[in-house]
Amino acid sequence: MKKIKFGEAFTILLIMLIILGTSVIKFGLSPQIPVLFTIALLVLWAKLRGASWDDIHQGIIDGISTAIIPIFIFILIGALIAVWIQAGIIPSIMIVGFNLISSQFFVPSTFIVCSIVGLSIGSGFTTISTIGIALFGMGVAMDINPALIAGAIISGAVFGDKMSPLSDSTNLASAIAESELFDHIKNMMWSTIPSFLVSLLLFWILGNGGAESNTTKVAKTMATISHNFPVSWWAILPIALMFICAWRRIPAIPTLFLNIIVTVIMIFIQNPHESFKSLTSLISDGFVAHTNNASVNALLSRGGITSMMATVSLIIVTLSLGGILMKFNVVQSAMEPLVKHLKKPGALVTTTILSGIGINLFVGEQYLSVILPGKAFKPAFARIGLDELALSRVLEDGGSVINYLIPWGVAGSFAASTLGVPIMHFLPFVFFSLFSPVFSIISGFSGIGLKWAKDKQ
């Protein structure tokens, strides 16, 4: 194939965005079908341009290969959710939470708790799928808007993931920009702290004015959970294990395996007559609650490997699309002209952030939204005298934090599937992800917190 020019690349991406945006946002279709249709059009275009089937297949393989580890992690998280519910871990967290947190401060408290947990373990996915599910169940029992609760959970998880030295995305942004990790985390505070404070204020205003606890419903929910689930202080063991593994910097896969094994042992201790057949069914199909309370059944019937399959299928087709775009240099060709003409810091920061958001939209993968703009704009940052820390902060503000807002993105589809709230419902309430790029752009134009290479000399 001949080299793709900017105009052709821009047209392809624009058509893709129109198809996906119209289908998912306007008509509310499941993202898988529009993405598959877009892949079909892209394959047709590639063949008309002279591409071989081997190149097309290789593009698909390259795209999917970036998600093999996340897909396996999602499968393990599905299993973990199921066993955590049966062993009483999530129900115990809910009971403790009902006794400690009032509905008046529940939403901002949820944001703070998820921020602390995410910062401690360095994983937004794990935060959402463990503590997040328990807090979500509590909020629904208090008659708080589920989308608002999901927004607080995800905002806290994203903050923790962004600022933790244990986070993959934080380490990746630092590595791509070649900045020192802890200097990178310190420098991110210029955009992160304002985003955190504004988010906290909005969660306090919306949570305080939008819900008064339904005392009768909460009491009934607590009684149902206490009667039907093994609620005890032993539930702290798997939670403590999760923090210990994070502290010891044990990777996600062995951490999840270890936690599942410990939780399964707890299940057999609680019920020595538990059969292996029912346990395998639990891990495969998820936990199904059978109580006399319909709302509790709805809240705690979740988890299992099969619950993650819709997310896995979306990830596979989305990254296949991204792989083809990358294979034929569509995204790269659309970015090249931008790099050459940027000479002012405000414009450069803004364009880099918009590029990260664009790659999230077109490719749906948060790591590539950091890697591609990082490699493309690094020479431009050096040319005008900006420090590597300026680039690494911008990569996070416009890259990894945005993926939770994309209906066909890896992180967004995971959060929607885990919490059971559509992305377009919780998107307006994920304040931290919405404000992070805004404050980063303000920093670029105002110069506040913007690091220059000469400052090191």
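Guide: The protein exposes about 19000 Å², and carbon and sulfur atoms supply 69% of that area. Areas come from the Shrake-Rupley method with a 1.4 Å probe, and for residues only the protein chains shown count as cover. This is a predicted model, in which local features need pLDDT of at least 70 and side-chain atom pairs count only at pLDDT 80 or more, while totals for chains, interfaces and linings use all residues. Residues are numbered from 1 along each chain as its sequence is written, and side-chain values use heavy atoms, with hydrogens and water left out.

Visitor: What makes the radius of gyration agree with that of a compact globule?

Guide: The rule, 2.2 Å times the number of residues to the power 0.38, is compared with a radius taken over C-alpha atoms. For 457 residues a compact globule would be near 23 Å, and the protein has 23 Å, so the two agree.

Visitor: Why is tryptophan 45 called buried?

Guide: Buried means under 20% relative accessible area, exposed means over 50%, and partly exposed is in between (1.4 Å probe, protein chains only). Tryptophan 45 has 15% relative accessibility, so it counts as buried. Phenylalanine 328, with 7%, is buried too.

Visitor: Why is the pair of tryptophan 45 and phenylalanine 328 called edge-to-face?

Guide: Rings of Phe, Tyr and Trp (its six-membered ring) pair if their centres lie within 6.5 Å; planes under 30 degrees apart are stacked, over 60 edge-to-face, and the rest tilted. The structure holds 16 aromatic pairs. In this one the centres are 6.3 Å apart and the planes stand at 80°, so the pair is edge-to-face. Tryptophan 45 lies in helix H2 (residues 32-48) and phenylalanine 328 in the loop between helix H16 (309-327) and helix H17 (330-340), so the pair ties together parts 283 residues apart in sequence. Helices here are DSSP runs (H or I, at least four residues), numbered from the N terminus.

Visitor: Why is the pair of phenylalanine 435 and phenylalanine 439 called tilted?

Guide: The ring centres of phenylalanine 435 and phenylalanine 439 are 6.3 Å apart and their planes are at 40°, so the pair is tilted. Both residues are in helix H23 (residues 431-446), four residues apart, or about one helical turn. Phenylalanine 435, at 25% relative accessibility, counts as partly exposed.

Visitor: How do you know that arginine 248 lies over the face of tryptophan 247?

Guide: A charge sits over a ring if NZ of Lys or CZ of Arg is within 6 Å of the ring centre and within 35 degrees of the ring normal. Arginine 248 is at 5.7 Å from the ring centre of tryptophan 247 and lies over its face.

Terms used. Helices (H or I, at least four residues) and strands (E, at least two) are DSSP runs, numbered from the N terminus.
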